[in-house]
Amino acid sequence: MAPRAATSLLLDIARAGEHWIVVGQRGVILRSSDGQHWQQMPSPVDVMLTRVRFFDDTRGWALGYDGAVLETRDGGRSWTLLRFDPQWGKPWFDVLFLDAEHILLAGTNGALMITADGGQTWQSIDTPVLEDGPNLYSLAALGDGSLLLAGERGFLARSTDRGTTWQRLRSPYSGSYFGALPVGEQGVVIFGLRGHAFYAADLRAAEVLSAEAAQALREAALDPTAAAAHINPVSEVSGWTRLENDDYESLFGGTVTADGRVLLFGMNGHVMQVDLTSRRLHRLPAAPESNLNAGRLAGSDLIVVGTAGVQRLPLTR
């Protein structure tokens with residue numbers, strides 16, 4: 001237990017019924033009913049926790065380095081260890097509940113696994129789209145039930161069968177995506193390095209990456225001449241619209257509010273609101289200059305987590 005846990009490096013936040021749960025470095029798990037006063041919960045690990053998600057008001061998972069997967073069934077008061085693999089030593093970055101029993105995990109070097117029994121047994125998903133071993137940072141379920149997987153080096157893949165098979169999509173950006181947020185039935189916003197963000201109004205219209213194009217990308221990545229040529233990392237790709245941004249701060253997390261606003265969080269206190277009408281990102285004067293990893297709306301305030309810990313801040317539209 002750490003007396004300064006609430007001001008330590010924190011990476012994610014989730015809602016569990018009437019409480020907020022945040023996670024971060026050294027296995028820290030904090031719980032609050034008001035977003036201002038936080039109590040540290042006992043944790044079975046002391047590794048960095050990267051993500052926390054809840055299936056309902058009481059059942060949730062936290063995950064992180066050394067293959068750690070933790071489960072709570074009482075709204076975050078107590079946690080048990082489902083998986084831990086210090087020999088593997090690598091992190092999980094995201095978890096997606098398809099239902100109470102079917103759950104996906106995405107992590108480093110193309111690690112993608114699914115459980116069909118609530119985490120008792122696991123199966124690796126073997127798909128050609130992951131043969132290059134990209135870090136997988138975000139899993140999103142769209143309104144129509146399809147899934148989007150986003151990661152490093154412009155990696156995007158779509159599944160229409162609950163993660164069994166995947167199609168790699170052509171990306172409008174060659175840098176890393178750190179998050180993906182569903183918008184409407186078929187829409188999605190993706191975001192990542194240097195403030196780059198893109199919107200697909202209907203992911204079904206996004207162009208599939210051919211095997212030949214995928215091979216060309218591999219060859220370009222290995223070509224030092226091409227790497228030194230400063231090729232524009234953003235390109236026009238069918239199905240995607242670039243969201244203009246006057247800032248270049250990387251965006252690490254996001255949320256869709258109950259009234260449909262899309263908010264993104266990033267370096268140096270950047271909180272960006274997505275305007276899908278004008279296809280732009282607008283900065284909100286909401287946060288201090290510390291890096292932000294994630295945030296959620298709480299009434300008229302924001303609860304944000306980052307390098308300065310967890311803070312509740314007034315939100316100005």
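These are my notebook entries on a few spots I looked up in this structure.

**Ground rules.** I'm working with a predicted model, where local features need pLDDT of at least 70, side-chain atom pairs count only at pLDDT 80 or more, and totals for chains, interfaces and linings use all residues. Residues are numbered from 1 along each chain as its sequence is written, and side-chain values use heavy atoms, with hydrogens and water left out.

**Entry 1: the core.** I went for the largest nonpolar core, which has 18 residues. A nonpolar core here is a set of buried Ala, Val, Leu, Ile, Met, Phe, Trp, Tyr and Cys residues joined through side-chain atoms within 4.5 Å. Buried means under 20% relative accessible area, exposed over 50%, and partly exposed in between (1.4 Å probe, protein chains only). Leu148, Leu156, Val188, Ile190, Leu203 and Trp240 touch the most other members. Strands E14, E17, E18 and E19 each give two or more residues to this core. Strands, labelled E, are DSSP runs of at least two residues, numbered from the N terminus. I also noted another core apart from this one, with 16 residues, including Leu96 and Phe155.

Which residues does valine 188 touch, leaving aside neighbours within four places in sequence? Among its contacts (heavy atoms within 4.5 Å) I found Leu142, Leu148, Phe198, Leu203 and Trp240.

**Entry 2: an aromatic pair.** My search of the whole structure gave eleven aromatic pairs. Rings of Phe, Tyr and Trp (its six-membered ring) pair if their centres lie within 6.5 Å; planes under 30 degrees apart are stacked, over 60 edge-to-face, and the rest tilted. I picked tyrosine 177 and phenylalanine 198, an edge-to-face pair at 6.4 Å centre to centre, with 85° between the planes. Tyrosine 177 sits in strand E17 and phenylalanine 198 in strand E19, 21 residues apart. Tyrosine 177 counts as buried because its relative accessible area is 0%; phenylalanine 198 is buried too, at 1%.

**Entry 3: threonine 115.** I found this residue in strand E11 (residues 112-115). Is threonine 115 buried or exposed? It's buried, because its relative accessibility is 0%. Its side chain reaches the backbone nitrogen of glycine 119 at 2.9 Å. Trp61, His102 and Trp122 are among its contacts beyond four places in sequence.

**Entry 4: a sheet.** Last, I checked an open sheet of three strands, ordered E25-E26-E27 with antiparallel pairing. Strands pair if DSSP finds at least two bridges between them; six join E25 to E26. E25 and E27 are the edge strands, each pairing on one side only. Alanine 294 has valine 305, in E26, as its bridge partner.

Note on methods
Helices (H or I, at least four residues) and strands (E, at least two) are DSSP runs, numbered from the N terminus. A polar contact is a pair of N or O atoms within 3.5 Å; within protein, one must be able to donate a hydrogen and the other to accept it, and residues adjacent in sequence count only if both atoms are side-chain atoms.
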